[in-house]
Amino acid sequence: MKTNLLGMSLDAMEKFFVSLGEKPYRARQVFQWIHQKGISNFNEMSNLSKDLKCILEEKTEIKPPEIVYEKDSKDGTRKWVLSVGEGDLVEMVLIPEGKRATLCVSSQVGCAVDCSFCATGKQGFSRNLSTAEIIGQVWVAENSFGTPRDHGSKNVTNIVMMGMGEPLLNFEPVTEAMNLMMHDKAYGLSKRKVTLSTSGLVPMIDKLSEVTDAALTISLHAPNDKLRDDLVPLNKKYPIKKLLDAVTRYVEKCGDQRKTTMEYILINKVNDSLDNAKELAEILRDIPSKINLIPFNPFPGTEYKRPSNMRVETFKKFLQKQGYITTVRTTRGEDIMAACGQLVGKVNDKTRRKERSQNKRKRISTKLIG
Ligand code: SAH
Ligand code: SF4
């Protein structure tokens, strides 16, 4: 099997080139061809010798995930469905916003955490993505608008690990891919422009602080454990107090004045009352945080509903009065099912969760009808 160079760190590539009898600077050249110029064909790497090109051709490859489908939304959002083999498909979304373009990247095929409001969770879980499959998404997005790229005119200015999957349950590949996103000879994004979003794996947040100081976002969604246990099942293992303590430790370790973003999905009459807002303001009092409210995005089969704009406004205004920077995430790409929580891809579900929840729905509807 050929070695895929796409997911290799510069260090690993230098060692690999030395093992081929080549000088380390050759690895740097190839690294830049791949990530900065978007080249996957060795013949186009004009500063390499013919012999080296032959060796690389024989032993290695630069293999991104394959594009199965791509579609533009009327608001400019673009969604890709990417094949990672054996029928597994993941989704990725690019959201342009003025000078910014944020790429929402997947970390797993499906997700085992199974939050009750998330379409990805309902798909079940197939497998973790490799570093090459994660950074390969950035590679695909960067090269979708013409290649080779003009250096300096980037398509992707920000990356959020908010596609399919729980990134902290796929720790090494995700953090290695994030290192490539931030590497100045690869995609060169600053630590504030690469964000990892997690449903709250406490020990992994501590581990993350040892290897990166990238931006952290917490999928909080509830102001008390009773409610959060229902929405994010992981909360039973890592309750809110432990989670917020881990956030404090992360921010302290990063040593700057940053605020952590707390994401809060607003689900009609589930977690969107004024009492919930009051409780939220209380628990975040000592945590330097911004709050990002996400009105629930519906998907087939869910019973949850998006609250009215009025309920969303009331919730937001209350938090703002309490001194919190609070924003409401505008829904993008809904017409192509590219909005938050709507990414499903195709998951060879090893957990058989989808099947079980469909059977359960069938039983409930039979009960209701008959
Ligand atoms: N697993 C990680 C990262 C991916 S989830 C996490 O949970 O943080 C992607 C984001 O979409 C999270 O912020 C999640 O809370 C949000 N999301 C999931 N389902 C949603 C839905 N139905 N409507 C709106 N946002 C949703
Ligand atoms: Fe997984 Fe995140 Fe969806 Fe929860 S919200 S099921 S952790 S992808």
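Sorted by class, the shell around ligand 1 holds nine nonpolar, nine polar and two charged residues. Here Ala, Val, Leu, Ile, Met, Phe, Trp, Tyr, Cys and Pro count as nonpolar, Asp, Glu, Lys and Arg as charged, and the others, Gly among them, as polar. This is a predicted model, where local features need pLDDT of at least 70 and side-chain atom pairs count only at pLDDT 80 or more, while totals for chains, interfaces and linings use all residues. Residues are numbered from 1 along each chain as its sequence is written, chains are lettered from A and ligands numbered from 1 in the order in which they are written, and side-chain values use heavy atoms, with hydrogens and water left out.

Back to ligand 1: 20 residues surround it, each with a heavy atom within 4 Å. The closest are Phe117, Ser197, Ser219, His221 and Glu263. Strand 10 (194-198) and strand 12 (260-266) each supply at least two residues of this shell; strands are DSSP runs of E with at least two residues, helices are runs of H or I with at least four, and both are numbered from the N terminus. On the polar side, a polar side-chain atom of Glu263 sits 2.6 Å from an oxygen atom of ligand 1. A nitrogen atom of the ligand is 2.8 Å from a polar backbone atom of Phe117, and a nitrogen atom is also 2.9 Å from a polar backbone atom of Gly165. The protein covers 96% of the 540 Å² of accessible area that ligand 1 has on its own (Shrake-Rupley method, 1.4 Å probe).

Ligand 2 has residues including Cys111, Cys115, Phe117, Cys118 and Gly165 around it. Its shell comes out as five nonpolar, three polar and two charged residues.

What about the largest nonpolar core? A nonpolar core is a set of buried Ala, Val, Leu, Ile, Met, Phe, Trp, Tyr and Cys residues joined through side-chain atoms within 4.5 Å, and buried means under 20% relative accessible area, exposed over 50%, partly exposed in between (1.4 Å probe, protein chains only). Of the 108 residues in the largest one, Leu103 and Met181 touch the most other members. Helix 9 (residues 240-254) gives the most to this core, with eight residues.

Pro96, in strand 5 (residues 89-97), is partly exposed, with a relative accessible area of 32%. Ser126, found in strand 8 (residues 125-128), is buried at 6%.

Note on methods: Polar contact = N/O pair within 3.5 Å; in protein donor to acceptor, adjacent residues only side chain to side chain.
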